[in-house]
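Me: I'd like to go through the labels on this one and check what each rests on. Ready when you are.

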Amino acid sequence: MAPEVLTPVRTEEVALDEGSGPSGGGDGGFGGDGPDPSGRVWSVPARAYRTGMYMALAAITMLFAAFTSAMVVRQGISNDWAHTALPRVLWLNTAILLASSATLELAKRGLWSNESRRFIAWLNVTAVLGAAFIGGQFVAWKQLAARGVYLATNPSSSFFYLLTAAHGLHLLGGVIALFYLLFRARRILDEPRWRTAVEVTAIYWHFMDGLWVYILILLMTRL
């Protein structure tokens with residue numbers, strides 16, 4: 001694969017950058033640009049951001065694959081593995097997170113159709129749902145603690161806290177990205193090239209949703 005390079009574009013061409021539709025067919029980028037003395041603007045191609053995101057997701061996948069392998073091996077070689085009943089609030093948390101993916105898609109549709117109120121409203125809902133999921137995970141930990149189940153109680157509880165905390169930290173990064181999009185909402189609406197930020201955030205967010213479903217299934221079958 002050829003390395004990505006910064007390509008100069010004329011200022012008047014910036015408005016024609018990617019983001020004019022859901023297909024994202026152009027090469028426009030966002031951020032990291034500025035005029036040089038010749039009047040040109042340096043713009044990072046949108047595909048560079050997508051490639052960077054896919055690389056980050058590959059690294060996260062490898063991390064959780066390592067956690068899964070360690071969990072399976074630890075369970076197989078130990079005689080102290082005790083069953084840990086999952087807190088019921090996890091089902092509510094899962095519903096909240098899945099709903100946030102739907103609301104983010106509604107926000108994207110509002111953006112592609114240039115409906116500013118719809119875009120901002122659904123983006124707000126998505127950010128609130130993401131924050132609610134993280135709060136719900138704290139509730140799950142408190143419920144386990146109330147039953148006397150802590151990080152070091154047994155190997156299964158250790159992996160429960162490890163997996164949920166690691167996912168929660170990564171999801172927190174997504175929540176921060178959503179609030180950043182809200183902060184930049186007016187610029188995203190006015191400058192099509194900034195819509196790449198919404199696209200890569202949505203990729204990350206949907207991945208986090210799918211990862212959580214995987215973790216929940218793993219916990220159900222292994223704990």
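Me: What makes Ile217 count as partly exposed?
Reply: This is a predicted model, and in it Ile217 has a relative accessibility of 48%. Exposed would take over 50%, buried would take under 20%, and partly exposed is what lies in between. So 48% puts Ile217 in the partly exposed class.

Me: And where is Ile217, and which patch is it part of?
Reply: Ile217 sits in helix 6, which covers residues 195-222. Together with Leu98 and Val213, Ile217 makes a nonpolar surface patch of about 240 Å². A patch residue needs over 30% relative accessible area, and Ile217 has 48%.

Me: Why is Arg193 called buried?
Reply: Its relative accessible area is 8%. The cut-off for buried is under 20%, so Arg193 qualifies. As for its place, Arg193 lies in the loop between helix 5 (185-190) and helix 6.

Me: How do you know that the side chains of Arg193 and Glu191 make a polar contact?
Reply: The two side chains are joined at 2.9 Å. A polar contact calls for N or O atoms within 3.5 Å, so the pair passes on distance.

Me: Why is Asn114 called exposed rather than partly exposed?
Reply: Asn114 has a relative accessible area of 53%. Exposed means over 50%, so that's the label Asn114 gets. You'll find Asn114 in the loop between helix 2 and helix 3.

Me: What is noted about the phi of Asn114?
Reply: Phi of Asn114 is near 60°, which is a positive value in a residue other than glycine. Asn114 follows helix 2.

Me: How do you know that the span of helix 2 is close to the expected one?
Reply: Helix 2 (residues 89-112) has 24 residues, and it reaches 35 Å from its first C-alpha to its last. At 1.5 Å a residue, 34 Å is expected, and the two values are close.

Me: Which residues touch the most other members of the largest nonpolar core?
Reply: Those are Phe64, Phe119, Leu123 and Leu163, out of 53 residues in that core. Helix 1 (46-77), helix 2, helix 3 (116-146), helix 4 (155-183), helix 5 and helix 6 each supply at least two residues of this core. Helix 6 gives the most, with 14 residues.

Me: Last one: what is the order of the elements from the N terminus on?
Reply: They run β-β-α-α-α-α-α-α, with 6 helices and 2 strands in the protein. Of its 223 residues, 44% count as buried.

Methods:
Residues numbered from 1 in each chain as written. Predicted model: local features only at pLDDT ≥ 70, side-chain atom pairs only at ≥ 80, totals over all residues. Heavy atoms only, no water. Patch = residues over 30% accessible without salt bridge, like charges linked within 9 Å, V, L, I, M, F, W, Y side chains within 5 Å. Areas by Shrake-Rupley, 256 points an atom, 1.4 Å probe, with all protein chains shown as cover. Salt bridge = Lys/Arg side-chain N within 4 Å of Asp/Glu carboxyl O. Helix = DSSP H or I, 4+ residues; strand = E, 2+ residues; numbered from the N terminus. Buried < 20%, exposed > 50% of the residue type's maximum accessible area, 1.4 Å probe, protein only. Polar contact = N/O pair within 3.5 Å; in protein donor to acceptor, adjacent residues only side chain to side chain. Expected span 1.5 Å × (residues − 1). Core = buried A, V, L, I, M, F, W, Y, C linked by side-chain atoms within 4.5 Å.
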